[in-house]
Amino acid sequence: LPSFILVASILTVNNVCDIDGDRESGRRTLAILLGRKRGELLVYCMGAAAFSLAAVSAFAGNAPRGAAAAALVSAADAAGEYGTMRRRGVGHATKGPNMGGSLRVFTVFSLCRGAAYALALAR
């Protein structure tokens, strides 16, 4: 579930970046309904939800204990990336870097989580 939430946040970054063009073409995306600022906030909230859920699932015993540490490490990395996105602004002109940044958040999370599972299996 945390991975799905992060994938949804990548799609949300895309929608927020395309908000002006989508509005002009008559599309009705969640980003259009929320507006640019709240759409951007949704991306950060989805990230927080994904990392929190990953940590909680580890503490609840539904994932290896190391998955909690993986969630914390990748969340710290994501905080830096989200801060960069916020300073850069979310719009059509910054779509490439923001999509790359959100994909990086997902990749780091997946690698950290995969390492936690691999270590648990090796024991």
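Reply: Start with Cys17. Cys17 counts as buried, because its relative accessibility is 2%. That is under the 20% cut-off for burial. Keep in mind that this is a predicted model.

A disulfide needs the two sulfur atoms within 2.5 Å. Cys45, in turn, is in no disulfide, and its nearest cysteine sulfur is that of Cys17, 17 Å away. Cys45 has a relative accessibility of 42%, so it counts as partly exposed. Searching the whole structure gives 0 disulfides.

The protein has 6 helices and 0 strands. From the N terminus, the order of elements is α-α-α-α-α-α. The C-alpha trace spans about 55 × 25 × 15 Å along its principal axes. Of the 123 residues, 41% count as buried. Among contacts with a separation of 6 or more, 67% join residues 24 or more positions apart.

Next, the core. The largest nonpolar core holds 20 residues, and those touching the most other members are Leu6, Val43, Phe51, Tyr82, Met85 and Val105. Two or more residues each come from helix 1 (2-17), helix 3 (30-34), helix 4 (36-59), helix 5 (66-88) and helix 6 (95-122). Helix 4 gives the most, with 6 residues. In soluble globular proteins, nonpolar side chains tend to be buried together.

Val43 shows the packing in detail. Beyond residues up to four places away in sequence, Val43 touches Ser9, Thr12, Val13, Tyr82 and Met85. Apart from this core lies another one, of 8 residues, including Ala58, Ala63, Ala68 and Ala70.

Glu40 deserves a stop. Glu40 sits in helix 4. Its relative accessibility is 6%, so Glu40 counts as buried. Setting aside neighbours within four places in sequence, Glu40 is in contact with Val16, Arg86 and Val90.

Met99 is the next stop. Met99 belongs to helix 6. Its relative accessibility is 23%, so Met99 counts as partly exposed. The cut-off for buried is under 20%. Not counting residues up to four places away in sequence, Met99 touches Ile10, Val13 and Asn14. Val13 is also among the residues that Val43 touches. Ala58 is one of the residues of the 8-residue core.

Last, the surface and the charges. The protein exposes about 6,700 Å², and carbon and sulfur atoms supply 65% of that area. There are 14 positive and 7 negative side chains. The centres of these two sets lie 8 Å apart.

Back to your starting point. Cys17 is buried, whereas Cys45 is partly exposed.

Notes: Residues numbered from 1 in each chain as written. Predicted model: local features only at pLDDT ≥ 70, side-chain atom pairs only at ≥ 80, totals over all residues. Heavy atoms only, no water. Core = buried A, V, L, I, M, F, W, Y, C linked by side-chain atoms within 4.5 Å. Buried < 20%, exposed > 50% of the residue type's maximum accessible area, 1.4 Å probe, protein only. Helix = DSSP H or I, 4+ residues; strand = E, 2+ residues; numbered from the N terminus. Contact = heavy atoms within 4.5 Å. Areas by Shrake-Rupley, 256 points an atom, 1.4 Å probe, with all protein chains shown as cover. Lys, Arg positive; Asp, Glu negative; His and termini not counted. Charge placed at Lys NZ, Arg CZ, Asp CG, Glu CD.
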